[in-house]
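Student: Could you take me through one part of this model closely, and then show me what else deserves a look? I'd be glad of the cut-offs as we go.

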Amino acid sequence: MSISERLSRLMQEQNRSIDDIKEVAGVTYEMARRYKIGTAEPRKEKLTKIAEYFGVTPSWLQFGIGSITDENYPVEQVDNSIVIDVLNIEASAGFGSSTDVVEIVQQLRYVPEQFYENYRGLNPTNIRVINVKGDSMLPTFSHGDLAFVDITITQFDGDGVYVFTYDDHLFLKRLQKAGTEILVISDNREQYTAWKVDPNIPVYIHGKVKVHQNQKLNFIG
């Protein structure tokens, strides 16, 4: 389902017109019509206004991702839906955060076609979602982004972004092998320097980040 199809659905269910979209988004009638038929997509500011007007989340309106809303809009239940658990931990993209409690605090629900269209090549059974904390992985990750982690990868599996515990702290960092050493690298290299893993301190890898979500989907190599 595209953004125009989701918008058309909302307009039909709430008995709204193109004139209503025109007024709330502050655009011309022709541009609002193009939003509806799918020949144009609203920019972030316009999209947020439209989403708020209909009482849905911007991420659902734009991508069809996650719950349509937190509380005030009826969610369509799909019997064969794909459910991804969101865990109650924050992986630090800064100096590390302690990890005491891990529990499921939310679930993201997807229609199968929607999931496999947006998350190419991912096995939903292996994925858990956590929040990113800090700024050391800018511009790749921002504070509050959602990281989609493949929890079946629990050993170093080639250079990439991992969630791991080191010295009793949880990190989301880029790991790179240099000879016999493992480097821990921040993408925000102007403010954070790379450091080496002490071979005498164990590294517990919890998974490898495959995708992260902010305003758009970003696939991690």
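Where is the place of Ser136, and between which strands?

Tutor: Happy to. Ser136 is in the loop between strand S3 (127–133) and strand S4 (146–150); helices (H or I, at least four residues) and strands (E, at least two) are DSSP runs, numbered from the N terminus. Before going further, a word on the model: it is predicted, so local features need pLDDT of at least 70 and side-chain atom pairs count only at pLDDT 80 or more, while totals for chains, interfaces and linings use all residues. Residues are numbered from 1 along each chain as its sequence is written, and side-chain values use heavy atoms, with hydrogens and water left out.

Ser136 has a relative accessible area of 0%, so it is buried (under 20% relative accessible area; exposed is over 50% and partly exposed in between, with a 1.4 Å probe and protein chains only). Its side chain makes a polar contact of 2.7 Å with the side chain of Lys173. By polar contact I mean a pair of N or O atoms within 3.5 Å; within protein, one must be able to donate a hydrogen and the other to accept it, and residues adjacent in sequence count only if both atoms are side-chain atoms.

Follow Lys173 and you reach an aromatic ring: the charged end of Lys173 sits over the ring of Tyr192, 5.4 Å from its centre. The criterion for this is that NZ of Lys or CZ of Arg is within 6 Å of the ring centre and within 35 degrees of the ring normal. The loop that holds Ser136 also contains Pro139, and the peptide bond from Leu138 to Pro139 is cis, with omega near 0°. Most residues other than glycine have a negative phi, and most peptide bonds are trans.

Asp167, in the loop between strand S5 (160–166) and strand S6 (169–178), has a positive phi of about 55° although it is not a glycine. With a relative accessible area of 47%, Asp167 is partly exposed. Asn15, in the loop between helix H1 (3–13) and H2, also shows a positive phi of about 55° without being a glycine, and at 68% relative accessibility Asn15 counts as exposed.

Now the aromatic rings. A pair of aromatic rings is described by the distance of the centres and the angle of the planes. A search of the whole structure finds 10 aromatic pairs. In one of them, Tyr110 and Tyr119 have ring centres 5.5 Å apart and planes at 80°, so the pair is edge-to-face. Rings of Phe, Tyr and Trp (its six-membered ring) pair if their centres lie within 6.5 Å; planes under 30 degrees apart count as stacked, over 60 as edge-to-face and the rest as tilted. Tyr110 is buried at 1%, and Tyr119 is buried at 0%. Phe115 and Tyr119 have ring centres 5.0 Å apart and planes at 35°, so that pair is tilted; Phe115 is itself buried at 0%. Ring pairs link Tyr110, Phe115, Tyr116, Tyr119 and Phe148 into a cluster.

Val111 counts as partly exposed at 32% relative accessibility, and its C-alpha atom is separated by 6.2 Å from that of Ile82, 29 residues apart along the chain.

Finally, the helices at the other end of the numbering. Helix H2 (residues 18–25) and helix H3 (residues 29–37) pack at an angle of about 110°, with their axes 8 Å apart. That makes H2 roughly perpendicular to H3, and their crossing is right-handed. Axes are lines fitted to C-alpha atoms, for helices over the stretch in contact, and angles run from 0 to 180 degrees between N-to-C directions. Angles under 35 degrees count as roughly parallel, over 145 as roughly antiparallel, 65 to 115 as roughly perpendicular and the rest as oblique. A crossing is left-handed if the near helix is turned anticlockwise from the far one by less than a right angle, and right-handed if clockwise.

Gly55, in the loop between helix H4 (44–54) and helix H5 (58–63), is buried at 18%. Gly55 and Leu10 are 45 residues apart in sequence and 9.6 Å apart in space, C-alpha to C-alpha. Lys44, in helix H4, is exposed at 55%.
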